[in-house]
Amino acid sequence: MRILAILIYLLVVLIRLNIVKAPYLDENTKSLIFIFMTLLVPTFIIRPIFNKSTKNLVPLNYKELEASVALPKGTKMYTKASLLIKGMYVKGNRSKSSIVIHPELIEKVPIDELRFLIYHEVCHIKNNDITKNQLFRALSYGVLPILLVFISGFIEFTSMNLFIAYIVLAVIIYLSGILLYFLRIRHRELTCDSYASYHTSRETGIRSLLTLKKLGVLKDTKLVLFASHPNLDKRIQNLENS
Ligand SMILES: [Zn+2]
């Protein structure tokens, strides 16, 4: 996928520089396509390099915990002391993935709560969330605006008002797309909490979320609509109802 992304981006750059001719696109359209494609470079070209690598990861050495969880085929658990990410996260894709646990969690979180957190990540792996996420991000951030620019090429703007109306509408559609993207990723967090509570228990789930809050790993945000995770209350409420 990364090679394809590099090739597509290269083509966009060559078109922008007019080295590759695209007579159907005017200069403004070329610029806009170039801008929105550039927004996708971190997702499709830079991030996969870090996503696959297991360098700097130390294999987990916690036999009791390892024996008590059933991991999907191709998944391994690691630890990594990182200042940036203090919790637990998953890297890779459905066929080969790594669950990375911060050493502080191993030290301070009880084993049953760690199991809940691991099953939450297992759910992301089984649902192929990393790849799906990448795709939905590309659609909302990059493809949707290009589509809107493309559609504008077929509209005859007879007045300035009509042109402004189209711009306003396009911005609303673009923002709605981004909001939908965030809504979707928050929803999958709740799904994975429910999955993990099914494999452990509701009470363990609630306790582990409260522990993460106490350790400063989970932080509530006021910008709920643009958050990747629902706030704690919402997650606890979801567990109580599942
Ligand atoms: Zn998650």
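This is a predicted model, in which local features need pLDDT of at least 70 and side-chain atom pairs count only at pLDDT 80 or more, while totals for chains, interfaces and linings use all residues. Residues are numbered from 1 along each chain as its sequence is written. The protein chain has 10 helices and 4 strands, where helices (H or I, at least four residues) and strands (E, at least two) are DSSP runs numbered from the N terminus.

**Overall layout**

- Along the sequence, the elements of the protein chain follow the pattern α-α-α-β-α-β-β-β-α-α-α-α-α-α, and the C-alpha trace spans about 70 × 35 × 30 Å along its principal axes.
- Of the 242 residues in the protein chain, 24% are buried; a residue is buried if 20 or more other C-beta atoms lie within 10 Å of its own, exposed if 12 or fewer, and partly exposed in between, with C-beta atoms placed from the backbone.
- Among contacts with a separation of 6 or more, 66% join residues 24 or more positions apart, a contact being two residues whose C-beta atoms, placed from the backbone, lie within 7 Å.

**The sheet**

- The strands form an open sheet of 4 strands in the order β1-β2-β4-β3, with mixed pairing, and two strands pair if DSSP finds at least two bridges between them.
- The edge strands, each pairing on one side only, are β1 (58-59) and β3 (88-92).
- β1 and β2 run antiparallel and are joined by 2 bridges, and Pro59 has Tyr78 in β2 as its bridge partner.
- β2 and β4 run parallel with 5 bridges between them, and Lys76 has Ser98 in β4 as its bridge partner.
- β3 and β4 (residues 97-101) run antiparallel, again with 5 bridges, and Val90 stands opposite Ile99 in β4.
- In a regular strand the side chains alternate between the two faces of the sheet.
- On β2, Thr75, Met77 and Thr79 make up the covered face, whereas Lys76 and Tyr78 make up the uncovered one.
- Helix α6 (residues 111-126) lies across β2 (75-79), β3 and β4, and runs at about 25 degrees to β3, the angle being taken on a scale from 0 to 180 degrees between N-to-C directions of axes fitted to C-alpha atoms, for helices over the stretch in contact.

**Helix α7**

- The buried residues of α7 are Asp129, Ile130, Arg137, Ser140, Gly142, Leu144 and Pro145, and they pack against α2 (27-39), α3 (41-52), β3, α6 and α8 (160-199).
- A kink of about 40 degrees is centred on Leu139 in α7, where the bend at a residue is the angle between axes fitted to the seven residues ending there and the seven starting there.

**The loop around Thr221**

- Thr221 lies in the loop between α9 (202-214) and α10 (232-241), and it counts as exposed because it has 12 C-beta neighbours inside 10 Å.
- Apart from neighbours within four places in sequence, Thr221 is in contact with Ala227 and Asn231; the C-alpha atoms of Thr221 and Asn231, 10 residues apart along the chain, are separated by 6.8 Å.

**Database annotations**

- An unreviewed UniProt entry gives the annotation "domain: Peptidase M48" for residues 89-241, and such annotations may be inferred rather than shown by experiment.
- UniProt (unreviewed entry) also lists residues 31-50, 135-157 and 163-183 under "transmembrane region".
- In the model, residues 163-183 are 100% helix and 0% strand, with end C-alpha atoms 30 Å apart.
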